[in-house]
Amino acid sequence: WQSWPAYDSANLSEETLQSMMLVRRVVEMGLSLRKEAGIKVRQPLQSLVVSNLQLSQELQQIIGEELNVYEVVFGEKKQGEGWKVKEDKDFSVSLCTVITEELRRAGMLRDMIRAVNGLRKEAGLTPEDTAKVAFHAIDKIYSEVLLAEQDAFIRATRVTLLPEDGSISVTEGEGIQFVIVA
């Protein structure tokens, strides 16, 4: 059970509302650039540059989290290979679409965490429940990423990871398959 604070209009200022509207516009533009580039939001990206606009560090962090980019910088517009740009009447947003090996592996980890958390939900497990999970990787890179990032994976999924199991039936085309073991 989570208790939410009561609404109090006295806590809202016009400046806060205007800043959040700008954050929303930046995020919408960034999401549009991701879509144009064919990059899902689960795939982390390195940076977003916002030109002709300044926001607080707290709002920068919100933008970064919403767009899944490691850094949000306010500065000159970036153009050229590896950059997608969207212009608004007041500012522009430049998104670096280069996916390094490190970023690709981070995206794979996020996909695996999402898959296991989906299995947990299907099994009716609560966030407090722990489960045992077996896996089988068709693509070796998935098991490499999983084992290299095992601690982060376990923290995010609350599972005990069993050794790789080749007997798990794998859906064709999937890089890795997980099964919750009773």
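Residues are termed buried under 20% relative accessible area, exposed over 50% and partly exposed in between (1.4 Å probe, protein chains only). The model is predicted: local features need pLDDT of at least 70, side-chain atom pairs count only at pLDDT 80 or more, and totals for chains, interfaces and linings use all residues. Residues are numbered from 1 along each chain as its sequence is written, and side-chain values use heavy atoms, with hydrogens and water left out.

The structure holds 10 salt bridges, each defined as a side-chain nitrogen of Lys or Arg within 4 Å of a carboxyl oxygen of Asp or Glu. One of them joins Glu28 and Arg24 (3.3 Å, N to O). Glu28 is partly exposed at 44% relative accessible area, whereas Arg24 is exposed at 58%.

A salt bridge of 2.6 Å (N to O) pairs Asp111 with Arg42. Asp111 is buried, with a relative accessibility of 16%, and Arg42 is partly exposed at 29%. Glu87 and Lys77 form a salt bridge at 2.4 Å, N to O. Glu87 is exposed at 52% and Lys77 partly exposed at 33%. Salt bridges with shared partners also join Arg25, Asp88 and Asp90 into one network.

Arg34 is buried but has no salt bridge. Asp111, the nearest side chain of opposite charge, is 10 Å away from Arg34; Lys and Arg count as positive and Asp and Glu as negative, with His and the chain ends not counted. The side chain of Arg34 instead reaches the backbone oxygen of Asn68 at 3.1 Å.

Conventions. Polar contact = N/O pair within 3.5 Å; in protein donor to acceptor, adjacent residues only side chain to side chain.
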